[in-house]
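I opened my notebook to keep track of what I looked up in this structure.

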Amino acid sequence: MTGLRTDADSTIEHYMDLLVQHEWLARGGLGWSVVCRLDPTGSAEQAVVESLGASPVYRDVDIRESDLYPTVELFISVDSNCVSILERDGIYHSKIEWLRWLSRDARLWHVSWHARGHDQFVYAENGQLLVHYPEFRMDDATIYGEIPPLLEDHIRILIGSPSNERLIKRAAAMATVESASSFQLRDSMLIGTQRALLADRLIEGDPNRALSLRHVDSELYGHVSEANTTQRRQICLLVLNRMAQRYFAKSTEVVKAANAGVNQDVQALGELMPGLIEHSINLGREWFNGPGGTPREEDRRWMRWQASIATRLALQALAEDTGSFEMLIAAKSATGKGWPELRAQITKKIIAR
C-alpha cells in the first residue's frame with residue numbers, strides 16, 4: 001500500500017498476513033460471522049445454539065486437522081455481548097436464511113468463501129438482510145439492500161480496497177467485519193485445539209429454510225409446543241422406541257442410554273453421551289463416503305445416521321426435560337415412508353389429553 005497509512009490499511013494488512021500464514025484458509029474455505037446482540041441482556045452464544053435447534057454439544061477439536069464432516073464444527077469465541085462464529089469450509093455457515101435468523105435482535109457481519117470461490121460479505125440486522133456484496137469485485141459485484149448509516153463508513157474499507165486481487169479483497173472484507181464489530185480474528189484462534197460447537201445437518205439442501213421444527217412442520221410444532229411434562233416424556237419415549245426397534249435393537253450403548261434417559265439420570269447419560277456422539281459422527285461419515293447413487297431418502301445409511309441424531313436429541317430432551325422437539329426433524333428423515341404413522345401417534349398423544 002502506498003501513501004499515508006490509515007487504520008484500515010493496518011487492519012487489511014493484519015488479515016493479509018493471516019491468510020498468507022494460514023494458506024489453507026485461502027486455498028479452501030472460510031465462514032466468519034460476528035453477531036452482537038442489541039439487547040444487552042441476551043446471549044449471543046445462546047442465539048447460535050438455539051439456531052441449531054438442538055441441545056448444545058461442544059468438543060475440543062483441532063481446527064485444521066479434524067474431519068467430522070458431514071457434522072459441522074462451528075468455532076465459537078465470545079467477547080462481551082458479541083460472539084464470533086468460525087467455520088472452516090464456509091458452506092453451511094454461508095446460508096443467507098441462517099444469517100438472517102442469527103441477526104434477530106442483533107447485528108451480524110459476515111464474510112465467507114468456498115474452495116471454488118463464491119465470496120460474499122453480508123450485513124444483517126433484526127432479521128433483515130441489509131447488505132449483500134457477492135464476489136467482492138467492483139467490476140461485477142452488486143450491493144443488495146440498503147446500507148445503514150452505521151455501516152457506511154466501514155464498508156468503504158471493502159469497496160475502496162486498493163486492488164481487486166482476490167486475496168486482498170478477502171482481507172479487506174475481514175477488515176470490514178473487524179472495523180464494524182470491533183472483534184478481531186487472531187492467529188491464536190486458527191491454530192491447535194479449539195472449542196467447537198457440533199451441529200447436525202438437520203435440514204440439508206435448502207438454504208432458504210430455517211433450522212427449526214416450526215419451519216419444517218408448523219402444524220406439528222403447534223401441537224407439541226402445547227404438550228405438558230407427561231406428554232413430552234411420552235413423545236420422547238415413542239421416538240426412542242421407534243429408532244431403537246428399527247436401527248439399534250442390538251446396541252447395548254443405546255439401551256443403557258435409554259434407561260438413563262427414562263430414569264432422568266443426567267450423570268449417567270452424560271457419561272454415555274460422548275460415545276453416542278462419536279457413533280453418530282461415524283454413521284454420518286459412513287453415509288457421506290458411501291458409493292452414492294441412491295436417493296438420500298431411500299439410503300439406509302443416511303436414514304440410520306438421522307436415527308442416531310433423533311435418538312441423541314430425544315435422550316437429552318427426556319433426561320433434562322428441555323421441551324425441545326427438534327429430534328422430530330431427524331425422526332422424520334429416519335422413518336421415511338413410516339413418518340405419517342409416527343406423526344399421527346405423536347399428535348394423538350397430545351390431542352387425546
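**The cysteines**

I found that Cys36 and Cys82 are joined by a disulfide, with 2.0 Å from S to S. A disulfide here is a pair of cysteine sulfur atoms within 2.5 Å. By this rule I count 1 disulfide. The torsion about its S-S bond is about 110°, so the disulfide of Cys36 and Cys82 is right-handed.

I then checked where the two ends sit. Cys36 is in strand E1 (residues 30–37) and Cys82 is in strand E4 (residues 82–87), so the pair ties together parts 46 residues apart in sequence. Helices (H or I, at least four residues) and strands (E, at least two) are DSSP runs, numbered from the N terminus.

Before going on, I noted the ground rules. This is a predicted model, where local features need pLDDT of at least 70 and side-chain atom pairs count only at pLDDT 80 or more, while totals for chains, interfaces and linings use all residues. Residues are numbered from 1 along each chain as its sequence is written, and side-chain values use heavy atoms, with hydrogens and water left out.

Are these cysteines buried or exposed? Cys36 is buried at 11% relative accessibility, and Cys82 is buried at 13%. I also looked up Cys236, which is buried at 3%. Buried means under 20% relative accessible area, exposed over 50%, and partly exposed in between (1.4 Å probe, protein chains only).

**A serine in a loop**

Next I went to Ser103, in the loop between helix H4 (96–102) and strand E5 (106–114). Ser103 has a relative accessible area of 0%, so I wrote it down as buried. Its side chain reaches the backbone oxygen of Arg100 at 2.8 Å. Leaving aside neighbours within four places in sequence, I listed the contacts (heavy atoms within 4.5 Å) of Ser103, among them Leu108, Ala124 and Gln128.

**The nonpolar cores**

A nonpolar core is a set of buried Ala, Val, Leu, Ile, Met, Phe, Trp, Tyr and Cys residues joined through side-chain atoms within 4.5 Å. Which residues of the largest one touch the most other members? Of its 48 residues, I noted Val224, Phe325, Met327, Leu328 and Ile346. Among the elements giving two or more residues to this core are helix H8 (218–224), helix H12 (300–320) and helix H14 (339–351). H12 gives the most, with 12 residues.

Apart from this core lies another, of 39 residues, including Leu30, Trp113, Leu158 and Ala173.

Methods: A polar contact is a pair of N or O atoms within 3.5 Å; within protein, one must be able to donate a hydrogen and the other to accept it, and residues adjacent in sequence count only if both atoms are side-chain atoms.
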